[in-house]
Amino acid sequence: MALDRKPAPNDLRAFWMPFTANRQFKASPRMLVEAKDMHYTSADGRPILDGTAGLWCCNAGHCRPKITEAVRAQVGEMDYAPAFQMGHPLAFELANRLVDVAPDGIDHVFYTNSGSEAVDTALKIALAYHRARGDAARTRLIGRERGYHGVGFGGISVGGIVNNRRFFGSLLNGVDHLPHTHLAENAFTRGQPEHGAHLADDLERIVALHGAETIAAVIVEPMAGSTGVLMPPKGYLQRLREITRKHGILLIFDEVITGFGRLGSPFAAQHFDVLPDMITCAKGLTNGVIPMGAVLTTPAIHDAFMQGPEHVIELFHGYTYSGNPVSCAAAIATLDTYEDEGLLTRAARLEHHWQEALHGLRDHPNVIDIRNMGLIGAVELSPIDGEPAKRGFEVFKRAYEEGILIRVTGDTIAMSPPLIISEDQIDELIGTLGRVLKAVA
Ligand SMILES: Cc1ncc(COP(=O)(O)O)c(C=O)c1O
């Protein structure tokens, strides 16, 4: 679709949209123009109930006053400050606030601008940490099948979604993958599935193959979101922690989706009571308002770097916008909003209502599985023969026409509404989805 003339401002052709079927979209656009609390407004003036917190990021809902005001004020007061060899107070204040809500045992924060950058940063810190301790042979990284860790080369290398990998060459060397945890016998489980803790033992096989002394880190999403919402089987994360600890391998939880209250605790690490060595986060950190991510680490990781002459940079890594003042202001106001409204634990209170509403779709056409935890839920549909992902996409488009925003990955519908959703709005969201499933059948 080359441009044959200079485009007018409202021409759709120049913008190459990310993770989007561009030609379909441009033939039949879905444009959002406003947002407030639980709703978007479409360009044709319809309210759209947000069933996905934007892209899993607007946990406090949209255009929340404290956040809007904080950003507005900060842009006027100090728009930018250099991130290297200079500081500004908000970056330090935010780091302390994050350590406050993070699991006990986590006490340092490294800023990035996105989840993908947080993942690549955590992987780099893992490699450099071992080297700083004189354990430089630990270079191997372990991810998991069906994992999503963003789109940087590190993230797609440890990630396990084939379409995110196969077009992009040979990726990083020295990466292995654990098996995914999606087992047929767990279908229609409410909350954490019973079966599958043993899948963590595959790490012992990888250790036996390569030698523990060559392995730097294991990275997993404690609850895998983007691949279609896969819950960790009971005992799985604990087992992974035991095996990694036994072999001196770092454990990284990618909490870009689960961070900031999605499961009913501030972080999944607290929810499952498993302390990793690093946590990556982004999205809900600023309520989606300004791009920002972070890597949270234990003191052991941080302190390993704090050696050598004091004038020498300890970690040769960082971004122009690491901890920029406007992002920090947004994040602090976001944490204030979460705290004022009890949002970091609200999903736990809504979970039962959400779960029962969601599982009410079990007998609807083409539904082959339903999974839920906290305020996250997935409805998996059987694929149309020979046309995987088509049914899911049809449901997505029809849902938008009917006034709800959902997300689909292949034929799995994923929902993760803002944590401010009411029980009535849950009923509206799931009720509308039920009608859509029948209409598209
Ligand atoms: C677990 C996980 N990690 C990393 C990312 C990448 O984040 P971003 O799109 O901000 O780069 C995502 C995005 O959905 C994610 O779900």
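Predicted model: local features only at pLDDT ≥ 70, side-chain atom pairs only at ≥ 80, totals over all residues.
Residues are numbered from 1 along each chain as its sequence is written.

The domain assignment, which is automatic or taken from a database, gives domain 1 (22–59 + 344–440) and domain 2 (68–340). The C-alpha centres of domain 1 and domain 2 lie 26 Å apart. Domain 1 brings 30 residues to the contact and domain 2 brings 27 residues, two residues being in contact if their C-beta atoms, placed from the backbone, lie within 7 Å. On the side of domain 1 that touches domain 2, at least two residues each come from α2 (53–56), α13, β11, β12 (376–381) and β15 (412–415). Helices (H or I, at least four residues) and strands (E, at least two) are DSSP runs, numbered from the N terminus. The most is given by α13, with six residues. This side of domain 1 divides into 13 nonpolar, 11 polar and six charged residues. Here Ala, Val, Leu, Ile, Met, Phe, Trp, Tyr, Cys and Pro count as nonpolar, Asp, Glu, Lys and Arg as charged, and the others, Gly among them, as polar.

Helix α15 (residues 423–440) has 18 residues. From its first C-alpha to its last, α15 reaches 26 Å, close to the 26 Å expected at 1.5 Å a residue; the expected span is 1.5 Å times one less than the number of residues. In α15, the residues Ile426, Leu429, Ile430, Leu433, Val436 and Leu437 are buried. They lie on the same side of α15 because they cover an arc of only 115° around the axis, the arc being that of the directions from the helix axis to the C-beta atoms. Asp424 and Lys438, on the other side of α15, are exposed. A residue is buried if 20 or more other C-beta atoms lie within 10 Å of its own, exposed if 12 or fewer, and partly exposed in between, with C-beta atoms placed from the backbone. The packing partners of the buried residues of α15 are β3 (47–50), α13 (346–359), β11 (367–373), α14 (390–401) and β13 (404–405).

In helix α9 (residues 236–246), the buried residues include Tyr236, Leu237, Leu240 and Ile243, and also Arg241 and Thr244. The buried residues of α9 pack against α8 (202–210), β7 (215–220) and β8 (250–254). Gly248, which follows α9, has a positive phi, near 70°.

The ligand is surrounded by 14 residues, of which Ser114, Gly115, Ser116, Gly150 and Val256 are the closest; a residue is near a molecule if its C-beta atom, placed from the backbone, lies within 6 Å of it. Helix α5 (residues 115–132) gives the most to this shell, with three residues. The shell divides into five nonpolar, seven polar and two charged residues.

Asp37 is placed in the loop between β1 (32–36) and β2 (39–42). Asp37 counts as partly exposed because it has 15 C-beta neighbours inside 10 Å. Apart from neighbours within four places in sequence, Asp37 is in contact with Gly61, His62 and Ile420. Phe25 belongs to helix α1 (residues 22–27). With 14 C-beta neighbours inside 10 Å, Phe25 also counts as partly exposed.
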